[in-house]
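Take a moment with the sequence and the model.

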Amino acid sequence: MEISICSYSFHGLLESGKQDVFGYIRDSRALGCTSLDLWNAHLPTLLDEESRTPDTITPEYAQLSKGQTDYLDKIKAAADEAGLPFASLAVDGAHIYEEEPDARRANRIKAYRWMNIAERLGAQQVRLDTGGPEEMPEPVFEIIIDGYADLIKRAGEKGLEVVMENHWGASRLPENVVRILETVKGLGLLFDTGNWPDGAEEKGWAMCAKYAHATHIKTFEFDAQGNETTVDVPKAMHYLLDAGYKGVWGIESCPAEGEDEIEAARKTIALIKRTLSEA
């Protein structure tokens, strides 16, 4: 079984200073992962400055400095030493749709930059969001489609696969996810078991499982028997299995604030293993 943990699962440890990207690699290995699923906030020195405005994001911004490539090479070396390749890099802050053209242009340059970072780490996939309103009117849809076509072309030159996620904005609705994936050649889906509107979870699983190229099996709470109490994880996984999914079982555990994030990831791994053994 191939398994990874999205580093967002440890955002509390990151924010408290108890884990950095190197700690994430060590913890992933200790938990038995076979690959890494890095969230870009685990690279804080490479995040965009909050004060930066779209007019300051020039094409040169996509290029990495010597100091930045040296830092990424150290991360790659640590991952290699642990025997864990980077399966994916999940990028926040470089989504395709923004209402203002200057903001869209700036986000595109940011996306190019994060693809350069993913390439340096040897990642296989990069997750870039759609952005946009949930209703996704036709002009928004066209911008999203054109954006992914451009990103996929550039990513292909770097040996990367672009995946979208049912995450926020236009990508929250199953119908929108299917429409985008059916329109854009070469675009994959990072299938998150959550992030759907309330009451639409199973509809999202049923409609989108066949498009999955990666997963975030999302968990929140467990009972004493190790079952997730807020969502039927085994049912979601069976939709994936029935659709022939054979990729990495990626985890995004989200325990309540202050709870043990390492233990939550461990319980999620155990639930996935049990579900697969009983399938």
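Is Cys254 buried or exposed? Cys254 is buried, because its relative accessible area is 14%. Buried means under 20% relative accessible area, exposed over 50%, and partly exposed in between, with a 1.4 Å probe and protein chains only.

A word on the source. This is a predicted model, where local features need pLDDT of at least 70 and side-chain atom pairs count only at pLDDT 80 or more, while totals for chains, interfaces and linings use all residues. Residues are numbered from 1 along each chain as its sequence is written, and side-chain values use heavy atoms, with hydrogens and water left out.

Now the cysteines. Cys208 is also buried, at a relative accessible area of 0%. How many disulfides does the structure hold? It holds zero. A disulfide is a pair of cysteine sulfur atoms within 2.5 Å. For Cys208, the closest cysteine sulfur is in Cys6, 19 Å away, so the two are too far apart for a bond. Cys254 is in no disulfide either; its nearest cysteine sulfur, also that of Cys6, lies 8.5 Å away.

Next, the helices. Two packed helices are described by the angle between their axes and the distance between the axes. Helices are DSSP runs (H or I, at least four residues), numbered from the N terminus. Axes are lines fitted to C-alpha atoms over the stretch in contact, with angles from 0 to 180 degrees between N-to-C directions. H4 spans residues 101–121 and H5 residues 138–156. Their axes come within 11 Å and cross at roughly 25°. The two are therefore roughly parallel, a term for angles under 35 degrees.

Key:
Angles under 35 degrees count as roughly parallel, over 145 as roughly antiparallel, 65 to 115 as roughly perpendicular and the rest as oblique.
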